[in-house]
Amino acid sequence: MAIMMHDINLNSRMTKLREECVNTDPAICVERARLITEAYKKYPEMPIQEKRALALKHILSNMSIYIRDGELLAGNHSSALRAAPMAVEYDIDFIREEIDTFPTRSGDRFEITEENKKELLEICDYWQGKTLRERVLQMIPDETRIAGEDGVGGFDSAWTLYNGDGHISPDYPKVLRLGFNGIIAEIDERSARLDLSNPEDLEKLYFLKAVRITSEAVIEFAQRFSDLAAELACKAGDYARKAELLEISRMCAKVPAEPAETFYEALQSLWLAHLATQIDNNGHSVSFGRFDQYMYSYYKADTESGRMDVEQAIELLQSFWLKLNEMVKLRPKGDANLFPGYPMFQNLTIGGQTRDGKDAVNDLTYLCLVAQGTVKLSQPNLTARVHINTPDKYLMECGKLIRMGMGFPSLFCDEVVILSMMNRGVAIEDAYDYCLVGCVEPSVQGKWGGRYGAANINLTKILELALYGGEDPVTGLVSNPSEKNLSNFKNIEEVKDAWKRQIDFYVRQRVIRDNIQDTVWKEMAPVPLIDSLVEGCIERGKGIKDGGAIYDFTGGQTGNIANVANSLVAIKQLVFEQKKFTGKELLDALRSNYEGVQGEKIREMILNVPPKFGNDDDEVDGFAKELFTYYMQQEPKYKNTRYGKGPIGGVFVPSTASISANVPFGLQVGATPDGRKAFEPVADVLSPYHGTDTNGPTATIKSVAKLDNYLLSGGAIFNVKFTPSLLENDEGLRKMVSLIRSYFRLGGMQIQFNVVSRALLIDAQQEPEKHKDLIVRVAGYSAYFVVQDPLVQNDIIARTEHKSF
């Protein structure tokens, strides 16, 4: 590849567009709320599939559209740059409760005018008693509801109740190949084969009709931009800009209705299709799949024919990257704390292998790294696939981007991910073709209908409940009581058994909650547009929530196994083996938050004597492996709502995509036997507890690789933090590349890096105006550091900063 990251910067046009984006404060847009309310009032008795389709058509036909000066791609998410549309059909409770604090809350602030506030509250009145969240909460059994109130997982979390599902990579390549007119032809052909005397085919008729409406709606949406671009061209005084607008008008009249034929057309088609899915249901993590693979043929044809040079391709990629950063999403305060920084989780996957196992890195792969390194914003969530024969050149270029400190790209090991997917029944060629959605969740683009983002499980809270005989010492609630507790356990096996007993109970409760969620999504919020872009749905005549996809899984999420392992080894060594204190004395110390002379003495022994996870110690690592494997084996025992309806899978799978939940998780947990004090953050995802991995990064990767990563078919997150001086030259980069390869050879699934100094983060915390552009890896995503809640900022600062290999 002739052009690398250091060879190019943003031109003046891209710089201006980027500055506009960065300097625009997020705000609330009321248009979607107004328009969907109008549609639901207009079609009150319509079957839900068709009602949802007509609602999308109404929104796309009537929402404000604009093309900013200098833009090369048309399409806007809302009525203004970085304004969040409101999905009121999902949840209005948090809007009513928090609307006055949107502009002032500690993280992810949104401006809202008094006029918009008044209208939005009036719209909420219509939706009272009609929202998805209200239906879900009405259906949850008392036992499951109570189990969600003791800090294990937040089963009433707005995480999945204020928006659509998302967590999917639609078949965008199909849009590029066929266009929506081609999809309509496919729908019509399938409709012609229906036998309407068959009741099942009647249901398919309603589904196919809805899918057809959404395809037409996207075509009409694109035509609106074609007309607008032509109108702006007539007014343009600058000849060059006039020509650009006329080209935008031509393209939007053609795509995504028809197949794309050029790289520029493919980008415009892809953007409009993606935009429509985002506007439709406000879902998290709608992702692009293997962008460098399906876009490469367009790039290659254009550059080889002379229709486009590499510099033009880079500018178009930068334009696309900037468009992804225009979108923002309002979340309730609790979720804004859970994953702060306005993330949209739009994953874009590069590298890896072809469907037949050959290296897939191409010239466009490198240009994606260039785009990410020059635009320097938080979207897309760039993921790089790596396999045993991945070229060093590619990994070095990934390393140069990592060295810039934004946390991109996240790196995945093909051998482990492919094995994890095949273990769940995914065909080998599809497993080789995997992509990532959202934070870190493996999927197969256009074939995957299952969701991730299921309720979290706090493994450290599970331990606390086990130690207290099922009682939550924070709330006093008892959901799964036991006569055994830390004061009368006889050996470490009884402690482990108590933990497993609580895991069994809470995984089951989480499954009940998530299956209710999916049931209500199917009944109240089908997604016919996305259904049209998932293989199997049109042929089967049913949507992804009814089993229309080829593959279907539900991903449970968890993390912080380090605190559990560190606690268990402390109990084993200090209580049962060395008898430094009794279980009752330790339990009393936990209740007191290690206060008083005895509590402080016990904590000092715990901090200084037992080994800690992350230092390549087989004893503590063995605890982590045993208990984490036990948890991972429980998830697939449970079926989701699509089991037996057609897709391969239909079960729950484990994931550590719990994002930055370690901070709010910690607020739910009292003092723990690893020396952690009450309400401090727990360990983040698979990583060691902050400051306890003291033997360097090689020892840390060995500990994490001992876990059965191949069972994590829902994805993994492993954070590593380096001081910038460690990577300041190519020798440092080569050592990091060697570390990555070693970790993957040992069986690790995923790794991501923060390359930023503690001093810089503290300075940014104290003087945020000087560091508005500072992007860090938060969890499974990167975001602006200065907009994080202070608790999350402190947690990022506290992560172990490795200063040598």
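What follows is a conversation between two colleagues about a predicted model of a protein.

Colleague: How many helices and strands does the protein have, and what radius of gyration does the protein show beside the globule rule?

Modeller: In this predicted model the protein has 17 strands and 32 helices. For 805 residues the globule rule gives 28 Å, and the value for this protein is close to that, so the protein is as compact as a globular protein of that length. The C-alpha atoms fill a box of roughly 85 × 65 × 55 Å along the principal axes. The radius of gyration itself is 26 Å.

Colleague: Among contacts between residues at least 6 apart in sequence, what percentage joins residues at least 24 apart?

Modeller: The count concerns contacts in the protein, taken as heavy atoms within 4.5 Å. Among those between residues at least 6 apart in sequence, the share that joins residues at least 24 apart is 79%.

Colleague: How far apart are the mean positions of the positive and negative charges?

Modeller: The protein carries 92 positive and 112 negative charges. When the mean position of the positive charges is set against that of the negative charges, the separation is 2 Å.

Colleague: Where does another core lie, and how many residues has it?

Modeller: Another core lies apart from the largest one, and its members include Ala87, Tyr90, Val136 and Ala525. The number of residues in this other core is eleven.

Colleague: Which residues does Trp499 touch, not counting residues up to four places away in sequence?

Modeller: Trp499 is one of the residues with the most contacts inside the largest nonpolar core. Not counting residues up to four places away in sequence, Trp499 touches Leu459, Ile462, Leu463, Ala466, Val564, Leu627, Tyr630 and Tyr631.

Colleague: Is Val495 buried or exposed, and which residues is Val495 in contact with?

Modeller: Val495 lies in helix α21, which covers residues 492–524, and with a relative accessible area of 0% this residue is buried. Its C-alpha atom is separated by 39 Å from that of Pro409, 86 residues away along the chain. Leaving aside neighbours within four places in sequence, the contacts of Val495 are Leu467, Phe489, Leu568, Ile571 and Phe576.

Colleague: Why is helix α29 described as largely enclosed, and which elements do its buried residues pack against?

Modeller: Helix α29, residues 697–705, has nine residues of which seven are buried, so the rest of the structure largely encloses it. Those buried residues are Pro697, Ala699, Thr700, Ile701, Ser703, Val704 and Ala705. They pack against α27 (618–634), β13 (719–722), α30 (730–745), β14 (750–755) and β17 (801–802).

Colleague: Why does Arg385 count as buried?

Modeller: Arg385 has its place in strand β6, residues 381–386. Buried means under 20% relative accessible area, and Arg385 counts as buried because its relative accessibility is 0%.

Colleague: What phi does Tyr594 have, and is Tyr594 buried or exposed?

Modeller: Tyr594 is found in the loop between α25 (583–591) and α26 (596–608). Although Tyr594 is not a glycine, its phi is positive, at about 60 degrees. With a relative accessible area of 1%, Tyr594 is buried.

Notes
Residues are numbered from 1 along each chain as its sequence is written. This is a predicted model: local features need pLDDT of at least 70, side-chain atom pairs count only at pLDDT 80 or more; totals for chains, interfaces and linings use all residues. Side-chain values use heavy atoms; hydrogens and water are left out. Helices (H or I, at least four residues) and strands (E, at least two) are DSSP runs, numbered from the N terminus. The radius of gyration is taken over C-alpha atoms; the globule rule is 2.2 Å times the number of residues to the power 0.38. Lys and Arg count as positive and Asp and Glu as negative; His and the chain ends are not counted. The place of a charge is taken as NZ of Lys, CZ of Arg, CG of Asp or CD of Glu. A nonpolar core is a set of buried Ala, Val, Leu, Ile, Met, Phe, Trp, Tyr and Cys residues joined through side-chain atoms within 4.5 Å. Buried means under 20% relative accessible area, exposed over 50%, partly exposed in between (1.4 Å probe, protein chains only).
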